[in-house]
Amino acid sequence: MEYGLIGSKLGHSYSKIIHEQIGDYTYELHPLPTEEEARAFLEKRDFKAINVTIPYKQLVIPYCDEVDEGARSIGAVNTLVNRGGRLYGYNTDFGGVLYMLEAHEISLKDKKVMILGTGGTHNTVAAVCRHLGAARVETVSRSAGEGRLSYDQAARDREVQVVFNTTPAGMYPRNGDCLLNLDGLESLEAVVDVVYNPFRTELLLRAEEKGVKAVCGFEMLVAQAVLAAEHFLDRPLPREQIGEIHKKLKLELCNISLIGMPSSGKSSLGKLLARRLGKPFVDLDAELEKRAGKTIPQIFEEEGEAGFRAREAALAAEYGKEGGRVLSCGGGIIKTPGNAHALRQNGPVLWVRRPLEALTVGGGRPLSSSREALSRMEQEREPLYRAASDASVDNAGTLEQALEEAVRQVEGLL
């Protein structure tokens with residue numbers, strides 16, 4: 001291996017696709033499940049340059065012939081460069097965190113900051129906090145102790161202004177996990193999560209609902225990768241590259257979910273949008289019927305609406321957890337608590353809007369039996385659509401016009 005990434009588990013990693021956007025080199029993911037395997041790999045030194053992730057950022061330090069001052073102060077190395085058999089250790093996570101904060105205009109100066117977790121990334125974030133002049137930094141862990149708050153204690157802090165999550169809570173495949181209740185954090189201004197898969201963890205979704213700035217770790221991942229590539233290639237790279245790669249890859253990797261009233265045009269628009277963006281298209285209602293082996297009216301008749309909604313929620317959780325698709329959702333998907341978070345975690349949700357008089361009555365939809373039923377449904381669901389969506393798309397004109405608006409909305413949101 002010439003260039004790549006080592007760590008115990010790498011199945012969720014985006015590092016390969018990021019690095020191969022940066023430089024003209026092949027980047028390999030090289031999982032090393034045990035410490036013994038990691039040590040054997042390092043002793044061979046059979047690579048040009050590598051990145052290092054959990055849990056080996058401290059383990060690699062004794063193998064370095066030289067360690068950059070920044071990496072030494074943090075106590076973690078995430079970039080190793082082999083120069084003539086000598087290993088040089090660096091930490092580009094520090095610069096990645098700095099870039100992310102600057103890009104989202106989050107100031108730490110004179111602020112009270114809370115860091116969730118006690119691992120290596122905690123130390124990097126703590127170093128950034130000191131560098132940027134934070135007034136006070138609290139550490140939170142599962143059990144309170146000297147210099148550490150418990151999560152219950154942290155949830156009662158009315159003064160904390162910025163929260164960083166440096167734990168794997170909420171990371172794929174354990175989507176939906178959240179360690180901290182934000183309800184009591186009255187002074188909270190921003191939440192930054194170093195997790196990058198999914199793009200919006202449950203913690204970030206709750207922060208958004210609280211009206212707090214919420215920042216995903218994917219931007220940090222791209223920034224630290226560009227900084228690492230500078231060491232790989234031994235030359236500076238343009239900083240604009242970070243933003244360009246971040247937006248390009250996020251557009252490729254994200255889901256786009258379409259919600260709205262029955263017959264509002266979600267499926268037709270979704271197919272066009274998928275074709276434009278080069279993504280697979282999934283109609284969740286059609287997929288549900290395929291798996292059930294029966295039509296939606298049959299499911300309603302045999303299992304009632306509750307049975308149908310349970311099947312629908314399972315599909316929302318499954319497809320929302322992954323990425324890279326355009327999803328057309330059933331009109332009532334927003335009625336089940338949790339579905340909105342499932343859809344929003346990996347990309348924007350667009351509310352496709354069409355005038356009531358243009359909606360189809362009947363059409364095999366059990367809850368659209370009359371114009372009056374549609375009117376009542378619209379009144380009931382409109383606030384739910386608004387709360388679940390990141391933006392709306394007007395589908396009162398042509399599909400081509402709706403498509404252009406949808407593309408503009410997605411690009412703006414990313």
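The model is predicted. Helices H1 and H9 cross with their axes within 11 Å. The largest pocket holds about 1,000 Å³ of space.

**How H1 and H9 pack**

- Two packed helices are described by the angle between their axes and the distance between the axes.
- Helix H1 spans residues 15-22, and helix H9 spans residues 240-253.
- Their axes come within 11 Å and cross at roughly 135°.
- Angles over 145 degrees count as roughly antiparallel and 65 to 115 as roughly perpendicular, so H1 and H9 are oblique to each other.
- The crossing of H1 and H9 is right-handed.

**Where H1 meets H9**

- H1 brings Ile17, Ile18, Gln21 and Ile22 to the contact.
- H9 meets them with Gln241, Ile245, Lys248, Leu249 and Leu253.
- By class, the residues of this contact are six nonpolar, two polar and one charged.

**The largest pocket**

- Rolling a probe the size of a water molecule over the atoms shows where empty space is left.
- The largest pocket contains about 1,000 Å³ of space.
- It is lined by 44 residues.
- Closest to the pocket's centre are Ile54, Thr121, Thr166, Pro168 and Met171.

**What lines the pocket**

- Strand S3 (49-52), helix H5 (120-131) and helix H8 (218-233) are the elements that give two or more residues to the lining.
- H8 supplies the largest share, three residues.
- The lining has 19 nonpolar, 19 polar and six charged residues.

Conventions
Residues are numbered from 1 along each chain as its sequence is written. This is a predicted model: local features need pLDDT of at least 70, side-chain atom pairs count only at pLDDT 80 or more; totals for chains, interfaces and linings use all residues. Side-chain values use heavy atoms; hydrogens and water are left out. Axes are lines fitted to C-alpha atoms, for helices over the stretch in contact, and angles run from 0 to 180 degrees between N-to-C directions. Helices (H or I, at least four residues) and strands (E, at least two) are DSSP runs, numbered from the N terminus. Angles under 35 degrees count as roughly parallel, over 145 as roughly antiparallel, 65 to 115 as roughly perpendicular and the rest as oblique. A crossing is left-handed if the near helix is turned anticlockwise from the far one by less than a right angle, and right-handed if clockwise. Contact means heavy atoms within 4.5 Å. Ala, Val, Leu, Ile, Met, Phe, Trp, Tyr, Cys and Pro count as nonpolar, Asp, Glu, Lys and Arg as charged, and the others, Gly among them, as polar. On a 1 Å grid over the protein atoms alone, a cavity is a set of points where a 1.4 Å probe fits but cannot get out, and a pocket is an open set with protein on both sides within 12 Å along at least five of seven lines; lining residues have an atom within 4 Å of a point. Grid points are joined across faces, edges and corners, and a volume is the space filled by probe spheres set on the points.
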